[in-house]
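Subject: Structure handover

Hello,

Please find the structure below, followed by notes on what was found in it.

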Amino acid sequence: MKRLDAAGRVVLLVMVAMSLGCYPSESPETETVSGPPRDDSLTFRYFGAAGWEMSAITEASGDTVVVLVDPYLTRAKYGSPDSWDPTDTRPSYTRADTLFSDVDVIDAQIDQADFILVQHAHPDHVMDVPYIAHRTGAVVIGHETTINIMRAYGVPDIQLITVRGGEDYDFGDVSIRVIPSLHSPLSDKRYYQSRVVEQGATRPLRISQLVEGGSLMFLVRIAGHDVVTMGSMNFIERQIEGLRPDIALIGAAPSHLEIYEYTPRLMRALGFPEVVMPTHADNFQAPYGSTIAYRTEWVEAFSAEVREASPDSRLIIPRHLEPIRLFAR
Ligand SMILES: [Zn+2]
């Protein structure tokens, strides 16, 4: 990784291939460019919920390596009707129903994936992973429940790596540290889910069977960057203390307000990352392009916390599916 100390600080140029919409980044280091990725760039795309794509051209081979995190593009109508777009004519689902991936949306967005990292196994994290794994041949890394869901959908064992948290695996172009974590403190801190999906589960699984199964974060080392990911609005401070990512994807939905000093503790433990991007703070029950697909007020409130806790961090607000290019110089 190319992060340097104060004497030789990496300047991250943020190259946003498309507009950041109503959240222009205002730093003088920001450039807006079009054109293909450079061979030293790391490109992010936000899928919504906790879903991301990171892609980079590898130094050794010149090939592109693609890492997906909790890719969930279907954005189905389940859960709370309050979040449904009244103009959305798609079917809605109850917890007794089975969700099916929106393969048209996925096929239009995802051609290649080498790794799929799954932070927990709720539907908005795991639901599209079997289809994407079949389509791309990507290796899926997740805890036992995630992996048993993959097996239920016929993803071959050669594509499955089961982890419990604490592993730090080298894959050549990419290395991935698995970080034990905690789920968001939903329901006024009363949320707790201890169920797992056992080996031998068979498809189709109902929404109610897609249980958390434990929560993970990841540290992804790729293209000279260290990226910390979050899938929930919680963390174990001692598990992240001392990590020095230059890019942090931070869970930003309001449940983080249940946590003591959430944003200041995170920023301090992670060494005040150079780039912070909020995640899991959109309305993932509304399709792409819906007028209610974002949660602007959530993101604005979280952004204010970051600006106060880590004023030197660059805050980038992602828009669905729009590439964000970062490179070190
Ligand atoms: Zn969840």
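Is the crossing of H6 and H7 right-handed or left-handed? The crossing of H6 and H7 is right-handed (a crossing is left-handed if the near helix is turned anticlockwise from the far one by less than a right angle, and right-handed if clockwise).

Two remarks on the source come before the rest. This is a predicted model, in which local features need pLDDT of at least 70 and side-chain atom pairs count only at pLDDT 80 or more, while totals for chains, interfaces and linings use all residues. Residues are numbered from 1 along each chain as its sequence is written. Helices (H or I, at least four residues) and strands (E, at least two) are DSSP runs, numbered from the N terminus.

The helix pair

Helix H6 covers residues 262-269 and helix H7 residues 296-309; they pack at an angle of about 50 degrees, with their axes 9 Å apart. Axes are lines fitted to C-alpha atoms, for helices over the stretch in contact, and angles run from 0 to 180 degrees between N-to-C directions. That angle makes H6 oblique to H7 (under 35 degrees counts as roughly parallel, over 145 as roughly antiparallel, 65 to 115 as roughly perpendicular and the rest as oblique). On the H6 side, Thr263, Pro264 and Met267 meet Glu305, Val306 and Ala309 of H7, where contact means C-beta atoms, placed from the backbone, within 7 Å.

The sheet

Seven strands form an open sheet of mixed pairing, in the order E11-E12-E13-E14-E15-E16-E17. Its edge strands are E11 and E17 (314-315), each pairing on one side only. Two strands pair if DSSP finds at least two bridges between them.

E11 (residues 168-170) pairs with E12 (residues 174-181) in the antiparallel sense over three bridges. Asp168 stands opposite Arg177, and Asp170 opposite Ser175. The two strands form a hairpin with three residues between them, and Gly172 in the turn has a positive phi of about 90 degrees. E12 is also joined to E13 (residues 215-222) by eight bridges, and these strands run antiparallel; here Ile176 has Val220 as its bridge partner.

Helix H3

In H3 (residues 129-136), Val129, Pro130, Tyr131, Ile132 and Ala133 are buried (20 or more other C-beta atoms within 10 Å of a residue's own, with C-beta atoms placed from the backbone). The buried residues of H3 pack against several elements, including strand E5 (64-69), helix H1 (103-109) and helix H4 (144-152). Just after H3, Gly137 takes a positive phi of about 75 degrees.

Regards

Terms used: Two residues are in contact if their C-beta atoms, placed from the backbone, lie within 7 Å. A residue is buried if 20 or more other C-beta atoms lie within 10 Å of its own, exposed if 12 or fewer, and partly exposed in between; C-beta atoms are placed from the backbone.
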